[in-house]
Amino acid sequence: MITVSQDTEAHLYYEVDWTEWLASRGYSVGDIQGFTWSVPTGTVTVTYMSRDGAKARAWIKDAVRGEKTKVTCRIAMPAPDPSAPEVSDDYSFYLFGGTS
C-alpha cells in the first residue's frame, strides 16, 4: 500500500482511476453503481467527492501531523449473475500528515 504525504494545512484531492480494473473484469463505465470513500472516524476530513467516468475523486483536509491515516475508495458493480452478490473492490492508501 502506498503512502502519500500531505501538509497539515493543505486541502487536496486524490483520484482513483478504475479504468483498467473495469476492463479486466468485462465491465464498462456505464455499469458502475457507485463509489464510496472512507476514512477512520476522528482523523482526516473528506470535504467533497466526485466522479468523472471511471475516476473517483475525494478532497481531503486536516491531515494529522506525524500520523498515517488509511483512506479507502470502494467501487460497487452489479452482480454478474442475478443470483450472485454485488461485486465490489477497494483501493486503499495511507495519508501521512507532514509539517506545515
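Helices (H or I, at least four residues) and strands (E, at least two) are DSSP runs, numbered from the N terminus. The model is a predicted one, in which local features need pLDDT of at least 70 and side-chain atom pairs count only at pLDDT 80 or more, while totals for chains, interfaces and linings use all residues. Residues are numbered from 1 along each chain as its sequence is written, and side-chain values use heavy atoms, with hydrogens and water left out.

**Exercise 1. Describe the order of the elements and the overall extent of the protein.**

Step one is to count the elements, which come to one helix and seven strands. Step two is to read them from the N terminus on, which gives the order β-β-α-β-β-β-β-β. Step three turns to extent: the C-alpha trace spans about 50 × 25 × 20 Å along its principal axes. Step four asks how much is covered, and of the 100 residues 31% count as buried, where buried means under 20% relative accessible area, exposed over 50% and partly exposed in between, with a 1.4 Å probe and protein chains only.

**Exercise 2. Find the strands that pair with strand 5.**

Two strands pair if DSSP finds at least two bridges between them. Begin with strand 2 (residues 11–17), which runs antiparallel to strand 5 and is joined to it by seven bridges; here leucine 12 stands opposite isoleucine 60. Continue with strand 4 (residues 45–52), which is likewise antiparallel to strand 5 and joined to it by seven bridges, with tyrosine 48 having tryptophan 59 as its bridge partner. Finally, look at the connection, where strand 4 and strand 5 form a hairpin with two residues between them, and glycine 53 in the turn has a positive phi of about 65°.

**Exercise 3. Explain why strand 6 is described as largely enclosed, and name its partners.**

Seven of the ten residues of strand 6 (residues 68–77) are buried, so the strand is largely enclosed by the rest of the structure. One partner is strand 3 (residues 34–38), paired with strand 6 in the antiparallel sense over five bridges, and threonine 36 stands opposite arginine 74 in this pairing. Another is strand 7 (residues 87–98), also antiparallel and joined to strand 6 by ten bridges, with leucine 95 as the bridge partner of threonine 69. Methionine 77 belongs to strand 6 and counts as buried because its relative accessibility is 0%. Leaving out residues up to four places away in sequence, methionine 77 touches others including Trp21, Tyr27, Ile32 and Val87, contact meaning heavy atoms within 4.5 Å.

**Exercise 4. Work out the surroundings of glutamine 6.**

First place glutamine 6 in strand 1 (residues 3–7). Next note that glutamine 6 counts as buried, because its relative accessibility is 1%. Then consider its side chain, a polar atom of which lies 3.2 Å from the backbone oxygen of alanine 10. Last, apart from residues up to four places away in sequence, glutamine 6 touches residues among them His11, Leu12, Ile60 and Phe96.

Conventions: Polar contact = N/O pair within 3.5 Å; in protein donor to acceptor, adjacent residues only side chain to side chain.
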